[in-house]
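Dear colleague,

Please find below the structure that I would like to hand over to you.

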Amino acid sequence: FGGRLAASLVGSKYNLQNIFNLEKLFAKPVIKEDVSDAIVEACVNFSASKTGALIVFQQNTELYNYAQTGVMMKAKVTDELIENIFFKNTPLHDGAVIINENKILARCILPVSDRRDIPGSMGLRHRAALGLSGVSDAYVVVVSEETGNITFFKDGSFKVKVSPEELKKFLSNDFSGFVVK
């Protein structure tokens with residue numbers, strides 16, 4: 001039976017080369033420029049209006065379990081849609097958006113971190129971002145509804161007061177300005 005299964009996989013669209021592609025397994029997903037532009041534009045608008053947002057970019061760590069806690073979307077990323085999702089008093093505005101393969105996978109709720117070294121100025125969105133970035137390789141962007149500051153989270157660390165230019169660099173995997181205090 002095992003031999004027939006292996007033989008049936010070879011030459012099919014599920015060939016072994018794709019199943020065991022280590023380069024694809026360990027490569028960082030690329031965030032397309034139109035997606036990063038839409039996110040930066042939305043974050044600039046959120047910052048100006050002090051609208052809270054929590055945006056997660058899935059990398060290699062699977063986040064489907066988190067996505068299933070909310071509303072599955074599989075939608076094109078546009079600044080208008082992102083702004084609509086986080087618009088105050090809409091049903092989806094609390095929680096996070098997970099972006100996977102340059103699509104909005106879901107709007108969902110994330111668990112918060114119980115770390116004690118989080119500054120008191122950070123709220124639940126920041127705590128959820130810190131927790132998720134600490135247990136996965138996801139990039140997380142938070143806009144504070146209190147201050148309008150944009151914060152970028154990666155590998156359990158964060159940078160506060162990220163400029164639109166820095167955010168664009170970080171989303172393109174350029175972390176030269178990612179200095180953690």
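The notes below concern salt bridges and the surroundings of one lysine. Please bear in mind that this is a predicted model.

Salt bridges

Searching the whole structure gives six salt bridges. I describe several of them here.

In one of these, Asp37 pairs with Lys168 through their side chains, with an N to O distance of 2.3 Å. Asp37 belongs to helix 4 (residues 33-49) and Lys168 to helix 8 (residues 164-171), so this pair ties together parts of the chain that are 131 residues apart in sequence. As for accessibility, Asp37 is partly exposed, at a relative accessible area of 37%, and Lys168 is likewise partly exposed, at 24%. The pair also belongs to a network of salt bridges that links Glu33, Asp37 and Lys168.

A second pair is formed by Arg125 and Glu145, whose side chains meet at 2.6 Å, N to O. Glu145, by contrast, is partly exposed, with a relative accessible area of 36%.

Asp117 and Arg115 form a further salt bridge, in which the closest N and O atoms are 2.9 Å apart. Here Asp117 counts as exposed, at 54% relative accessibility, whereas Arg115 is partly exposed, at a relative accessible area of 32%.

The surroundings of Lys154

Lys154 is placed in strand 6. With a relative accessible area of 16%, Lys154 is buried. What does the side chain of Lys154 make a polar contact with? The partner is the side chain of Asp155, at a distance of 2.8 Å. Leaving aside residues up to four places away in sequence, Lys154 touches Ser133, Ala138, Tyr139, Phe175 and Phe178.

With kind regards

Key
Residues are numbered from 1 along each chain as its sequence is written. This is a predicted model: local features need pLDDT of at least 70, side-chain atom pairs count only at pLDDT 80 or more; totals for chains, interfaces and linings use all residues. Side-chain values use heavy atoms; hydrogens and water are left out. A salt bridge is a side-chain nitrogen of Lys or Arg within 4 Å of a carboxyl oxygen of Asp or Glu. Helices (H or I, at least four residues) and strands (E, at least two) are DSSP runs, numbered from the N terminus. Buried means under 20% relative accessible area, exposed over 50%, partly exposed in between (1.4 Å probe, protein chains only). A polar contact is a pair of N or O atoms within 3.5 Å; within protein, one must be able to donate a hydrogen and the other to accept it, and residues adjacent in sequence count only if both atoms are side-chain atoms. Contact means heavy atoms within 4.5 Å.
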